[in-house]
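Here is a short briefing for a first look at this structure. Take it topic by topic.

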Amino acid sequence: MHMWRLGDRKIPEGITVDGGSDWFLLNRKFVEYVTFSSDDLVTKMKRFYSYTLLPAESFFHTVLENSPHCNSMVDNNLRITNWNRKLGCKCQYKNIVDWCGCSPNDFKPADFHRFQQTTRPTFFARKFEAVVNQEIIGQLDYYLYGNYPSGTPGLRSYWENVYDEPDGIHSISDIALTMYHSFSRLGLRRAEASFHADRDNSCRYYPMGHPVSVHLYFLADHFQGLLVKHHATNLGASKLETLETWVMPKKVFKVASPPSDFGRLQYSEIGTEWDAKERIFRNFGGLMGPMDEPIGMQKWGKGPNVTVTIIWVDPVNVIAATYDILIESSAEFTHYKPPLNLPLRAGVWTVKILHHWVPVAETKFLVSPVTFSNKQPIRQDETLKLHGGPPNNAYMEQSFQSLNPVLSIPLNAAHVEQAKKNAALIGSKLENWVDSLVGSVWSAVDICSTGPTSCPVMQACSQTSWSSLSPDPKSELGPVKPDGRLR
């Protein structure tokens, strides 16, 4: 963005200049006045604010206070905003405009007392985000409308759609499309393993077409995985059915055995789209491909200042990066994105955490091969470029190969050779490789049918507690009651 100062301007004389939030309510009479009036106040103010930065933060306030409608002004934005400038607002300075996109934090249960204050009227609050915390929304709903009847389903569940067929597959990345397809195939294998009987194909399926929809699924404010709705042909009846598969990530964080005496580390995770303000990865499930740039996050308990060593190991035991982090006594989270050369070698990576070179814990993450390039089946020349890692295994300018024997991380020639063969795979063999990798870090928990099915033991999605088609009464909207309430 570029801005130029065009010259000096004079504020019209005889008026009181006011300003404030760009969140406000305007009644109809005042909106008509601002829109249609040709009196001097409105005309001059429109001219003055035509070249003003962020005019919404003072234009309406100033016009209202100096207009015949001034008696209708309520000098209170009627809103509670959950600002926590220590998180996510590092670039804000008092003497300049905030260009860093600083925004309020999401409310959590510990903030509930703020809604009960009586010092000033409040009708609005921000921000709420169910993927961060749904419990506070339930608390506030109960506070305003009372509790739901006992046994009401879905109260602690939350579903968020991240892809729907009308969006078109070009709205998602190649890696997402790759993994959604793999999740669908894992679901069909789950159905066959759980429901299939000898000499009966009524619960065996063949995948058809692209995924229909994908939802994030949360229960009690914990991410439970992804729900992928997909088409498949029932091999017993030769009919097309629509199914939904629930896949959940496996636990990949592991404390060293025997455990070290270092007790500050609580958890470590690798992902992309790290939100420092809410301290979560926005890429739920961590779907990553060879051209992604992963970030390492660690969560700490209180304790003395310490320095830990972080080591990133690729699927064939090439040490891609190592660095030290000073963990101050008050630190809760640390995160760092090592500047790795791309593409990353496809496969399961390991990130080790050491204290005084003694293992503390490790976590794993998948860099999945891709089966699509620009939403078309990938060609072999593209797989060779994407899946074999950077040239000469050089993830950084510095080589860390001398650390392999020190850390007992041997380079295995057979594994390296197999990785080269895998990098050349295409078609069904590539899909099988993807599925084996995805299956090592994800589980197909359950599968259901969205409509008629020839599999006699397949449950209906509407009868499950987890499906995106299962009951969710808290999301139902009905007519507003005479007292203005929804319930």
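Buried means under 20% relative accessible area, exposed means over 50%, and partly exposed lies in between (1.4 Å probe, protein chains only). This is a predicted model: local features need pLDDT of at least 70, side-chain atom pairs count only at pLDDT 80 or more, and totals for chains, interfaces and linings use all residues. Residues are numbered from 1 along each chain as its sequence is written, and side-chain values use heavy atoms, with hydrogens and water left out.

**Overall**

- The protein has nine helices and 19 strands. Helices (H or I, at least four residues) and strands (E, at least two) are DSSP runs, numbered from the N terminus.
- Its C-alpha atoms fill a box of roughly 85 × 60 × 45 Å along the principal axes.
- Of its 487 residues, 42% count as buried.
- Take contacts (heavy atoms within 4.5 Å) between residues at least 6 apart in sequence: 69% of them join residues at least 24 apart.
- The protein exposes about 27300 Å², and carbon and sulfur atoms supply 53% of that area. Accessible areas come from the Shrake-Rupley method with a 1.4 Å probe; for residues, only the protein chains shown count as cover.

**Helix H1**

- Phe30, Tyr33 and Val34 are buried in helix H1 (residues 28–36). They cover an arc of only 90° around the axis, so they sit on the same side of H1. The arc is that of the directions from the helix axis to the C-beta atoms.
- An α-helix has 3.6 residues a turn, so residues three or four places apart point the same way.
- The buried residues of H1 pack against helix H2 (40–49) and helix H3 (59–66).
- Arg28, Lys29 and Phe36 are exposed on the other side of H1.
- Asn27 caps the N-terminal end of H1, with a side-chain oxygen 3.3 Å from the backbone nitrogen of Lys29.

**Asn133**

- Asn133 is found in the loop between strand S2 (124–126) and helix H4 (135–145).
- Asn133 is buried, at 9% relative accessible area.
- Its side chain reaches the backbone nitrogen of Glu135 at 3.3 Å.
- The side chains of Asn133 and Asp221 are joined by a polar contact of 3.4 Å. Such a contact is a pair of N or O atoms within 3.5 Å; within protein, one must be able to donate a hydrogen and the other to accept it, and residues adjacent in sequence count only if both atoms are side-chain atoms.
- Leaving aside neighbours within four places in sequence, Asn133 is in contact with Phe107, Lys108, Pro109 and Asp221.

**Val480**

- Val480 is found in the segment after strand S19 (442–449).
- Val480 is exposed, with a relative accessible area of 54%.
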